[in-house]
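Welcome! Here is a short briefing to read alongside the sequence and the 3D view.

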Amino acid sequence: MRLNRWLPFGLFLIFITGIIIGMNLGRFGRIVAVVNSLPLGDKGGHLLFIGMLTFLLNHALNGRMLKIGRLKILLGCTIVAVGITIEEVSQIWIPLRTFDLVDLAANYLGIAFAAWIWSIGNRV
């Protein structure tokens, strides 16, 4: 059943969206302080959360590929990369947020890691 594939992604997307909205509103001050006190805490969070979101979307899409010329890319990776790039760049205009290229790089690393894990398990 398709719901079995989409439900984990949908729930995790709601969780991630809640974090983004909470951060935009400045609601997670204590949590941010704790995460930032850990070595690579913020960047590790980006890698882990975006990687998991990407993996779950690739699973929901059953590994559907996007073909660009000779290059084949997992559609889920492309969707998350576009969405997370827009979200990170939007922080330029949100007073309580800060655009950070290293955060964006950690997001992309999470996407690449998710693609690698997916390819190991599914022979892409």
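In this briefing, contact means heavy atoms within 4.5 Å. This is a predicted model, in which local features need pLDDT of at least 70, side-chain atom pairs count only at pLDDT 80 or more, and totals for chains, interfaces and linings use all residues. Residues are numbered from 1 along each chain as its sequence is written, and side-chain values use heavy atoms, with hydrogens and water left out.

- Leaving aside residues up to four places away in sequence, H46 touches G51, E88, D103, A106 and N107.
- H46 sits in helix α3, which covers residues 41-60; helices here are DSSP runs of H or I with at least four residues, numbered from the N terminus.
- H46 counts as buried because its relative accessibility is 17%, where buried means under 20% relative accessible area, exposed over 50%, and partly exposed in between, using a 1.4 Å probe and protein chains only.

**Helix α3 against helix α4**

- Helix α4 spans residues 75-90, and α3 packs with it at an angle of about 140°, the axes lying 8 Å apart.
- Axes are lines fitted to C-alpha atoms, for helices over the stretch in contact, and angles run from 0 to 180 degrees between N-to-C directions.
- The two helices, α3 and α4, are therefore oblique to each other; angles under 35 degrees count as roughly parallel, over 145 as roughly antiparallel, 65 to 115 as roughly perpendicular, and the rest as oblique.
- The crossing of α3 with α4 is right-handed, a term used if the near helix is turned clockwise from the far one by less than a right angle, with anticlockwise being left-handed.
- On the α3 side, H46, I50, L53, T54, L57 and N58 take part, and they meet L75, G76, C77, I79, V80, I84 and E88 in α4.
- Sorted by class, this contact of α3 with α4 has eight nonpolar, four polar and one charged residues; Ala, Val, Leu, Ile, Met, Phe, Trp, Tyr, Cys and Pro count as nonpolar, Asp, Glu, Lys and Arg as charged, and the others, Gly among them, as polar.

**Helix α3 against helix α5**

- Helix α5 runs over residues 101-122, and its axis comes within 7 Å of that of α3, crossing at roughly 40°.
- That angle makes α3 oblique to α5, and α3 passes α5 in a right-handed crossing.
- Residues of α3 including D42, K43, H46 and L47 meet residues of α5, among them V102, D103, A106 and N107.
- The contact of α3 with α5 holds 10 nonpolar, seven polar and three charged residues.

**Salt bridges**

- Side chains of opposite charge can pair when their charged atoms come close.
- The model has four salt bridges, each being a side-chain nitrogen of Lys or Arg within 4 Å of a carboxyl oxygen of Asp or Glu.
- K43 pairs with D42, with 2.9 Å between the closest N and O atoms; K43 is partly exposed at 21% relative accessible area, and D42 is partly exposed at 26%.
- D103 also forms a salt bridge with K43, at 2.4 Å from N to O.
- D103 lies in helix α5 and K43 in helix α3, so this pair ties together parts that are 60 residues apart in sequence.
- D103 is buried, at 8% relative accessibility.
- E87 and R97 form a salt bridge with their closest N and O atoms 3.6 Å apart.
- E87 belongs to helix α4 and R97 to the loop between α4 and α5, so the pair ties together parts that are 10 residues apart in sequence.
- E87 is buried at 14% relative accessibility, and R97 is buried at 16% relative accessible area.
- Salt bridges with shared partners join D42, K43, D100 and D103 into one network.
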